[in-house]
Amino acid sequence: MSNSPTTLFDKVWDSHVVRKIEDGPDVFFIDRHFIHEVTSPVAFLGLEERGIGVMYPERTFATADHNTPTINQHLPVEDPLSANQLQQLATNSAKYGISHWGLGDPKNGIVHVVGPENGITLPGFTIVCGDSHTSTHGAFGAIAFGIGTSEVEMVLSSQCIMQPKPKKMCINVNGQLGKGVTPKDVALYIISKLSTSGATGYFVEYAGDVFENMSMEGRMTVCNLSIEMGARGGMIAPDQTTFDYIQGRPLAPKGADWDTQLAYWKTLKTDEGASFDEEINFAAADIEPMITYGTNPGMGMGISKHIPKASNVEGGVATYAKSLDYMGFSEDDSMIGKQVDYVFIGSCTNGRIEDFRAFASIVKGRKKADHVTAWVVPGSHIVEAQIKEEGILDILTEAGFVLRQPGCSACLAMNDDKIPAGKYAVSTSNRNFEGRQGPGSRTLLASPLVAAAAAITGVVTDPRQFL
Amino acid sequence: MAYDSFSVLKSSAVPMPIENVDTDQIIPARFLKATERKGFGDNLFRDWRYDKNDQPKQDFVLNNPTYSGKILVGGKNFGSGSSREHAAWAIYDYGFRCVVSSFFADIFRGNAINVGILPVQVSPEFLHEIFTAIEKDSKTELVVDLPAQTITISATGASESFAINGYKKHNLLNGFDDIDYLQAMKSEIADFASKR
C-alpha cells in the first residue's frame with residue numbers, strides 16, 4: 001500500500017478488491033450480507049436452477065421485516081403472499097445454514113436496525129443487502145449499499161459482487177445545530193440542496209463537527225438517507241462514539257480480538273491532504289427543521305419557508321407541476337397549518353430509541369389530536385424493550401398513542417399499514433414518492449420532532465414552539 | 001438468470017418525458033410479493049396505468065395504442081429510489097429491452113444490465129431530439145447498436161454514441177451473467193477470504 005494520503009472510502013474499498021477486470025467492474029468481496037423476505041426468494045431460486053450453493057453462510061444474516069404485520073405478530077400472517085415469502089425465508093435460511101431472525105424472534109426487527117444493535121455491523125466492513133437503505137451501516141465507517149436480487153444471488157454463491165468503483169464526495173457540515181434541528185433535518189437539508197440525483201455515481205463521506213458530535217443513531221439516520229440524493233452510500237469515520245456503541249454487543253468482537261480490531265478501526269479515517277472528486281460545505285446554522293412538500297425527498301424545505309415557485313426549481317416544470325398537483329399543494333403555499341391525517345414514526349430511518357425519545361419529549365403531557373391516526377412502530381424488539389424500560393411507553397399511552405410491533409410498516413406499506421388515498425401523512429420514513437405509503441397517499445417527510453408536533457396539533461407545526 | 005443476448009435493436013419507442021421516475025412507480029411495493037420472477041409486466045407502472053377500479057387510465061402512454069415498441073424513453077434520473085430488481089424485471093417482462101434516458105440512478109442501471117436490459121444514457125439535447133422525433137411520428141424508429149455503441153434516429157440520421165464498459169458489453173452481447181464469471185473464480189475468492 002502506498003503512503004500517499006488516502007480517503008477512508010479508498011482504504012476500505014481497495015482492501016476488498018479480489019480482482020480488477022480491465023475495462024470492467026471490480027470483483028468486490030463482501031464481509032456481511034443481510035437478506036429479508038422480499039428480495040431474496042428469487043436469488044435462492046436462481047441457486048437451485050444453477051445447482052450451486054451458498055459459499056459462506058456464516059456471513060449472511062436473515063431477518064423478516066418488509067411485509068410483516070405490526071400487530072398480533074403471534075398470530076399466523078393473514079396475507080397468503082406475505083406468509084409465503086416469510087416461510088420461504090425461513091426454509092431457505094434453514095436449508096443453507098443461515099441465521100434467521102423471523103417473526104417473533106427476540107432479535108427480529110428492521111434489517112438496518114438489528115444489524116448494528118447486534119454488533120454485526122463493524123467499521124471497515126463491506127456490507128450489502130437487497131435494500132437501498134443498506135447505506136445506513138456506513139455510519140460505522142463501513143462501505144454499505146443496496147443491491148439487486150441478481151447481486152444477492154452473487155453474494156450467496158460467491159461472497160462477491162461486480163462493482164465499478166464510484167467517485168468520492170465529501171460533504172462537510174460544521175457549526176452548531178439550532179434548537180429542534182435533528183440528524184433527519186441535516187440529511188433532508190443536504191438532499192434538498194443536492195437534489196435526488198445530485199450524488200449519483202458517488203460514495204459520500206460525511207465530515208465536520210456536526211457529524212463528530214452526533215450519536216450513532218443520528219449518524220445512521222444521515223447515512224440511511226444517502227441513497228435519497230442518488231449516492232451509492234455514505235460513511236462516517238469511526239471514532240470513540242462508534243467504538244463505545246459496538247463494545248459489548250452480542251456479536252461484536254471480544255477480548256484479544258476486540259483489541260486487534262480496535263487498532264485497525266483507528267486507522268480508518270481520511271488522511272490529511274487526501275482528495276475527493278467533489279467536496280461540498282454546509283453551515284449547521286443554515287439548517288432548520290425540515291419538511292417535504294413534493295413527491296421526492298429532494299423536494300424539502302425549512303418548515304417556516306414557502307413552497308418554491310417552479311421557475312426557481314431546477315429541472316422540468318411539467319414534472320414539478322405534476323408533483324404539486326399530486327400533493328394538492330400550490331407554489332408559494334406555507335406548509336405550516338396544512339392538515340395532517342396520519343403520523344408515522346418508525347422505519348430504518350427513524351425507528352431507533354433516540355427517535356422515540358425525541359417524539360416523547362414533545363408528546364409528554366399533551367394529547368394526540370383526535371382526527372390524527374398515529375402509527376408508532378419501533379425498529380426492533382430491542383428498541384421496543386428500551387421504549388418500555390425508559391418509561392416512554394407510559395408517556396405515549398398517556399398521550400393517546402399505541403405502540404405497535406417492529407417492522408418496516410407504513411414506510412413502504414407492504415403490510416396492512418397503508419395510508420388511504422388522498423390522505424396526508426407526516427412520516428419519519430425516507431420516501432415521499434407517489435403511492436409509497438399506499439395507493440394515492442400523500443407523504444410529508446420530517447423528523448420525529450416535527451411528527452410529534454403534527455400528531456399533537458393535527459396540522460403541520462413548527463416543533464420549536466414545544467421545546 | 002438467463003436472458004436473451006442483445007446486439008442491434010431496431011424499434012419504435014414509448015416516450016415518457018417525466019423526470020425522476022422512481023422504482024416505486026415502475027412497480028409499487030404491494031406487487032413485490034411473488035417468489036418467482038415472472039408476471040411483473042402486468043403491474044408495470046400500475047398506479048399510473050390503472051385507476052383505483054383497475055380500469056386503464058386513457059391518458060397514460062402505455063394505454064395509448066399510438067405508441068409501442070421495445071424501447072422506453074424516460075426523463076432525467078430514471079429508476080431512482082428503491083433497489084428492487086423487480087422494477088427491471090417488470091420492464092423486461094412487459095417487452096422492453098432498452099431504456100433511454102439522459103441520466104440513470106446507479107442501482108437501477110446495474111439491475112437493468114444484470115437482467116438483460118440495455119440502459120442507454122444520452123445527452124439531454126439528444127434526449128430532447130428523440131422526444132421531438134417521436135412527437136412528430138409516433139412510429140419513428142430508433143436503432144440501438146450495442147457493438148458500435150450508438151443510438152440513431154432512423155428518420156433524421158441523428159446519432160449519438162453511448163458508454164458501457166467492455167466487460168458488461170461482452171456479457172450482454174453473449175447473454176452471459178456475472179454469476180458465471182464468479183463461479184469460475186471461486187478458488188481465488190476462497191484464497192482472498194482466508195486472508196481476511
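Q: Is the crossing of H3(B) and H4(B) left-handed or right-handed?
A: In this predicted model, H3(B) crosses H4(B) in a right-handed sense.

Q: At what angle do helix H3 and helix H4 of chain B pack?
A: The angle is about 50 degrees, and the axes are 9 Å apart. Because of that angle, H3(B) counts as oblique to H4(B).

Q: Which residues in H3(B) and H4(B) meet?
A: From H3(B), B:Ala87, B:Ala88, B:Trp89 and B:Tyr92; from H4(B), B:Phe108, B:Asn111, B:Ala112 and B:Val115. By class, this contact has seven nonpolar residues, one polar and no charged.

Q: Moving to chain A, what is the strand order in the open sheet of four strands?
A: The order is E16-E15-E17-E18, and the pairing is parallel.

Q: Which strands stand at the edges?
A: Strand E16 (373–376) and strand E18 (442–445); each has a single partner strand, so one side of each lacks a neighbour in the sheet. On average, neighbouring strands here are turned by 20 degrees against each other, direction ignored.

Q: How many bridges join E15 to E17 in chain A?
A: Three, between residues 342–345 and residues 424–427. In E17(A), A:Val426 stands opposite A:Val343.

Q: Which strands does helix H16 of chain A lie across?
A: H16(A), residues 448–457, lies across E15, E16 and E17 of chain A, at about 150 degrees to E15(A).

Q: And strand E7 of chain A: are its faces buried or exposed?
A: Both are covered, with A:Ile143 and A:Phe145 buried on one side and A:Ala144 and A:Gly146 buried on the other.

Q: What about A:Ile143, which residue is its bridge partner?
A: A:Thr126. Strand E6 (residues 126–129) of chain A runs parallel to E7(A), and four bridges join them.

Conventions:
Residues numbered from 1 in each chain as written. Chains lettered and ligands numbered in written order. Predicted model: local features only at pLDDT ≥ 70, side-chain atom pairs only at ≥ 80, totals over all residues. Buried ≥ 20, exposed ≤ 12 C-beta atoms within 10 Å, placed from the backbone. Helix = DSSP H or I, 4+ residues; strand = E, 2+ residues; numbered from the N terminus. Pairing = 2+ DSSP bridges. Axes fitted to C-alpha atoms, helices over the stretch in contact; angles between N-to-C directions. Parallel < 35°, antiparallel > 145°, perpendicular 65-115°, else oblique. Left-handed = near helix turned anticlockwise from the far one by under 90°. Contact = placed C-beta atoms within 7 Å. Nonpolar A, V, L, I, M, F, W, Y, C, P; charged D, E, K, R; others polar.
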